[in-house]
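Welcome, and thanks for taking a look. Below is a short tour of one structure, with the cut-offs spelled out along the way.

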Amino acid sequence: MKVILSRKGMDSRAGGIPSPILPDDTLLSLPIPDGTSGKPYGELSYKGQSYQEIIRQLHPSFDFSRNQTCHLDPDIYDGLGGRPAEWKPAFGQCEASARHLDNMGVDVGDVFLFYGMFKRTEHQSDGTLAFVRGAPIQHIIYGYMKVGEILREEREISRRYPWHPHGANPNRPYNRLYLPDTYGTFRYAASLVLTKPGQDSRRLWALPAFFAEDGISISWQGENKPILKDGCAELNSACRGQEFVITTSTGELQQKLVDWVDSLINRG
């Protein structure tokens, strides 16, 4: 089994803000703007509040006149408003990132761990949502998908998932749609935080110690390698990149990787 740390949601370049850790500990990944998707932020809602309202409260200067529609992908949150009755979860990828996944042999049975940029929020006295002043921005794992099927044909993608951004625009170069065997999203827990506590760079990660052992590899990192420090595997993760594929060369390391993923998915 390969594990893919897959970076998704708004960031400093796409959207301009982190996604919120809501007061109820929900990790609500905000989809990036996409003028070709046809899915307005105002149509999507979480617990009766539209994404447009949530973004406007957190980022009053967000330009909805230029960014009316969004790229809801991976589409894995149960219970969101604004989706068709025939909705099913899916994750799309295309171009260089999809080629990278193919070249790394990502296939049925492998697991995506979706992570993004998050910051704690709180309700103000008037009931609106705001980021907690001084709270850190961290890379946090917010959901997962175990791959059950991969669609590669344009017509099949558009026929079966017309509401998904990769189905609405199936002619994207090297278009792929990953469908789940199992999937889910998480509420905040310290075990889901990739960023090492107590320092400013969200890209400096603290992974389980076994990531520093010989025989485990994380793609797309260039010369960056996890090193054992303070009881964890410290990694200065790549600045840009979407799909970081984790592979192992021994059965012992593979079991440690599986156990780690299972511990995240099956947390109390």
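R7 and D11 form a salt bridge whose closest N and O atoms are 2.9 Å apart; the term stands for a side-chain nitrogen of Lys or Arg within 4 Å of a carboxyl oxygen of Asp or Glu. The model is a predicted one, in which local features need pLDDT of at least 70 and side-chain atom pairs count only at pLDDT 80 or more, while totals for chains, interfaces and linings use all residues. Residues are numbered from 1 along each chain as its sequence is written, and side-chain values use heavy atoms, leaving out hydrogens and water.

**Salt bridges**

- R7 is buried, and D11 is buried too; buried means under 20% relative accessible area, exposed means over 50%, and partly exposed lies in between (1.4 Å probe, protein chains only).
- The structure holds 16 salt bridges.
- Side chains of opposite charge can pair when their charged atoms come close.
- D24 and K47 form another of these pairs, at 3.0 Å from N to O.
- This pair links distant parts of the chain, with D24 in the loop between β2 and β3 (32–33) and K47 in the loop between β4 and β5, 23 residues apart.
- D24 has a relative accessible area of 23%, so D24 is partly exposed, whereas K47 is exposed at 64%.
- R160 and E156 also meet in a salt bridge, again given as 3.0 Å from N to O.
- Both R160 and E156 belong to helix α3 (residues 154–160) and sit four residues apart, about one turn of the helix; helices (H or I, at least four residues) and strands (E, at least two) are DSSP runs, numbered from the N terminus.
- R160 counts as partly exposed because its relative accessibility is 22%, and E156 counts as partly exposed at 26%.

- Which residues of helix α1 (residues 51–58) are buried? They are Y51, I54, I55 and L58.
- Seen down the axis of α1, these buried residues fall within an arc of 95°, so they line one face of the helix; the arc is taken over the directions from the helix axis to the C-beta atoms.
- An α-helix has 3.6 residues a turn, so residues three or four places apart point the same way.
- The cover over the buried residues of α1 includes β2 (19–21), β4 (45–46), β5 (49–50), β8 and β9 (129–131); contact here means heavy atoms within 4.5 Å.
- In helix α2 (residues 95–103), the buried residues are S97, A98, H100, L101 and D102.
- Elements covering the buried residues of α2 include β1 (3–7), β7 (91–93), β8, β11 and β16 (243–248).
- After α2 comes G105, which has a positive phi, near 75°.

**Strand β10 and its partners**

- Strand β10 (residues 138–151) has 11 of its 14 residues buried, so it is largely enclosed by the rest of the structure.
- Strand β8 (residues 111–123) pairs with β10 in the antiparallel sense over eight bridges; two strands pair if DSSP finds at least two bridges between them.
- F118 stands opposite Q138 in β10.
- Strand β11 (residues 176–185) also pairs with β10 in the antiparallel sense, over eight bridges.
- Within that pairing, I150 stands opposite Y178 in β11.

**The open sheet**

- Three strands form an open sheet in the order β12-β15-β14, with antiparallel pairing.
- Its edge strands are β12 (204–207) and β14 (227–229), each of which pairs on one side only.
- β14 and strand β15 (residues 232–236) are joined by three bridges and run antiparallel.
- L228 has A233 in β15 as its bridge partner.

**Nonpolar cores**

- The largest nonpolar core has 65 residues, and those with the most contacts inside it are L5, F112, L113, I141, F211 and W260; such a core is a set of buried Ala, Val, Leu, Ile, Met, Phe, Trp, Tyr and Cys residues joined through side-chain atoms within 4.5 Å.
- β10 gives the most to this core, with seven residues.
- Apart from this core lies another, of eight residues, among them W87, I157, Y161 and W163.
- Leaving aside neighbours within four places in sequence, the contacts of L5 include L113, Y115, I141, L194 and W205.
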